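Please keep the structure open while going through them.

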Amino acid sequence: MTQQSMDTFLKTLSSSAPVPGGGGASAYVAAVGMSLGSMVANLTTGKKKYAEYQEEIAGKLTDELADYMQKDAVAFEPLSKAYGLPKDTEEEKAHREEVLEKCLVAASETPLELMEKILESMKILERLSVIGSTLAISDVGVGIQMAKAALNGASLNVFINTKLMKNMVVADDMNMRAD
């Protein structure tokens, strides 16, 4: 998905295709937010005033966050297909329920992982608000707002899936992690 043009991604996102959806959009927004942080870090790199922070601002999560666009699609697509499984007989219903439960767990793990990466990026963005170039501080602010939106979006994907789970121990654990 990261190889698509923004235009193609947005057209696919607005279509009736099951992926990308909210998870892919959240990953995209998180990557854009971290890109702004990377920009501020790059504007800061090499400046005498910020020399003591060079090691600290070198790390970047943008690519890792963007990778979750594809990871989310891979995790969600089987769930999308599972909803279409037959449910006419008791055997089919039982099979469908078993497959759905596995797919719901898998579709919840990816946004939970994304949330962890977003939190990493937010720590970097917060630090950049202190040590970054003051000329680009508003860019850090926009980046953190995008990270917050992405974090909230990813959590919605967890909560919608856990709400449908039968195994409440797993669902409660995932909800607690998301919270």
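1. Which residues of α6 are buried? In this predicted model, the buried positions of α6 are A171, M174, N175 and A178. Because they cover an arc of only 100° around the axis, they are placed on the same side of α6. An α-helix has 3.6 residues a turn, so residues three or four places apart point the same way.

2. The buried residues of α6 pack against α4 and also against α5, which spans residues 137-163, while the face of α6 turned away from that buried side carries V169 and M176, both of them exposed.

3. As for the pairing with α4, this helix (residues 90-131) and α6 (residues 168-178) pack at an angle of about 20°, their axes lying 10 Å apart. Angles under 35 degrees count as roughly parallel, and α4 and α6 are therefore described as roughly parallel to each other. Their crossing is left-handed. On the α4 side the contact is made by V105, S108, E109, L112, M115 and E116, and on the α6 side by V170, M174, R177 and A178; by type, the residues of this contact divide into 6 nonpolar, 1 polar and 3 charged.

4. A separate point concerns D72, which lies in helix α3 (residues 62-82) and counts as buried because its relative accessibility is 10%, the cut-off being under 20%. Leaving aside neighbours within four places in sequence, D72 is in contact with G23, G24, T110 and P111. D72 and G23 are 49 residues apart in sequence, yet 5.8 Å apart in space, C-alpha to C-alpha.

Methods:
Residues numbered from 1 in each chain as written. Predicted model: local features only at pLDDT ≥ 70, side-chain atom pairs only at ≥ 80, totals over all residues. Heavy atoms only, no water. Axes fitted to C-alpha atoms, helices over the stretch in contact; angles between N-to-C directions. Helix = DSSP H or I, 4+ residues; strand = E, 2+ residues; numbered from the N terminus. Parallel < 35°, antiparallel > 145°, perpendicular 65-115°, else oblique. Left-handed = near helix turned anticlockwise from the far one by under 90°. Contact = heavy atoms within 4.5 Å. Nonpolar A, V, L, I, M, F, W, Y, C, P; charged D, E, K, R; others polar. Buried < 20%, exposed > 50% of the residue type's maximum accessible area, 1.4 Å probe, protein only. Arc of directions from axis to C-beta.
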